[in-house]
Amino acid sequence: MQTIGIAAKVTSLPALQYAEKVAADLRARGHGVCLDYATADKLNDRGLCVAKADLGKRSNLLITFGGDGTLLSVARHAPVDVPILGVNMGTLGFLTEVTVDEFPETLERVLAGDYLAEARVSFDISVEGNGREHRTYRVLNDATINKSALARIVEMRVTVSGAFVSNFRADGLIVATPTGSTAYNLSAGGPIIYPTMGAIVITPICPHMLTNRPIVLPDELEVEIRIATTNQEIFLTLDGQEGLPITHDDRVIVRKSPTSVKLVRTGEKNYFDVLRAKLKWGEA
């Protein structure tokens, strides 16, 4: 691991302090360290630093200190061959399963090449419509269509690989990866999907009809969503971090990305251990 990229949750002092300590230790051991601009600015670090979207391109390993949001902010831009080690700094996180206590031993194993890496499916999201600049967004968790606080129910026409599914009338719609099934999808009543499955989940948010239920599909199918409602403020949100307004003239298209995300796993925990711990299963 010649160069290690580090990103910390900049609003968390413990995450920043721990990132600073780890960066100093890695440099003392001869590793190159690359920080994203926001983390470097908070730490007053004048070493190699780049935009967060470029962190994975300059690194052989990515380490994030914070919660799932911090990991997502770098993961959706990371190349497929760069493993990501997420360290949980005390917040609920399904992606950042390594604790601060576990991190030193886990890091040594990763640097020695003795680790497991799990490939997670990501989606490519594009918005097509009159006057739209062609751009593709990559998500690891989900793409969500939401109405504004004062808007009425949104009607959305959903097709899958050209086949009409239904018109959903709801507060919004979530299209989630298996990884994202434990995020907003879970809160909206969607199912938990094993993270390495090839699946895509469509979950309506507060549907007007109780018969509109979540749907699980093979991830090789293409999902297209058209907004049927006019004169409403509607937004497309990507991994809960990027967003853009959309109108009834637009088509939101979701496809499986050719690029997966490589997450480091400790080996001591399986997915069900994580679920039990995070969701408090079995506790009174």
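Visitor: What makes helix H3 (residues 68-75) count as mostly covered?

Guide: This is a predicted model, in which local features need pLDDT of at least 70 and side-chain atom pairs count only at pLDDT 80 or more, while totals for chains, interfaces and linings use all residues. Residues are numbered from 1 along each chain as its sequence is written, and side-chain values use heavy atoms, with hydrogens and water left out. A residue is called buried under 20% relative accessible area, exposed over 50% and partly exposed in between (1.4 Å probe, protein chains only), and seven of the eight residues of H3 are buried. Among them are Asp68, Leu71 and Val74, and the cover includes strands S4 (61-66) and S20 (261-265), where helices (H or I, at least four residues) and strands (E, at least two) are DSSP runs numbered from the N terminus.

Visitor: Why is Asp45 called buried rather than exposed?

Guide: Asp45 has a relative accessibility of 14%, which is under the 20% limit, and therefore counts as buried. This residue sits in the loop between helix H2 (37-43) and strand S3 (49-50), where it touches Arg27, Leu35 and Ala40, residues up to four places away in sequence being left aside; contact here means heavy atoms within 4.5 Å.

Visitor: How do you know that the side chains of Glu118 and Arg120 meet in a salt bridge?

Guide: A salt bridge requires a side-chain nitrogen of Lys or Arg within 4 Å of a carboxyl oxygen of Asp or Glu, and the N to O distance for Glu118 and Arg120 is 2.8 Å, so the pair qualifies.

Visitor: What makes S10 (residues 142-147) and strand S13 (residues 172-176) a pair?

Guide: Two strands pair if DSSP finds at least two bridges between them, and S10 and S13 share five, in the antiparallel sense, so they count as paired. Thr144 stands opposite Ile174 in S13. S10 also pairs with strand S17 (residues 234-238), again antiparallel over five bridges, with Asn146 opposite Phe235.
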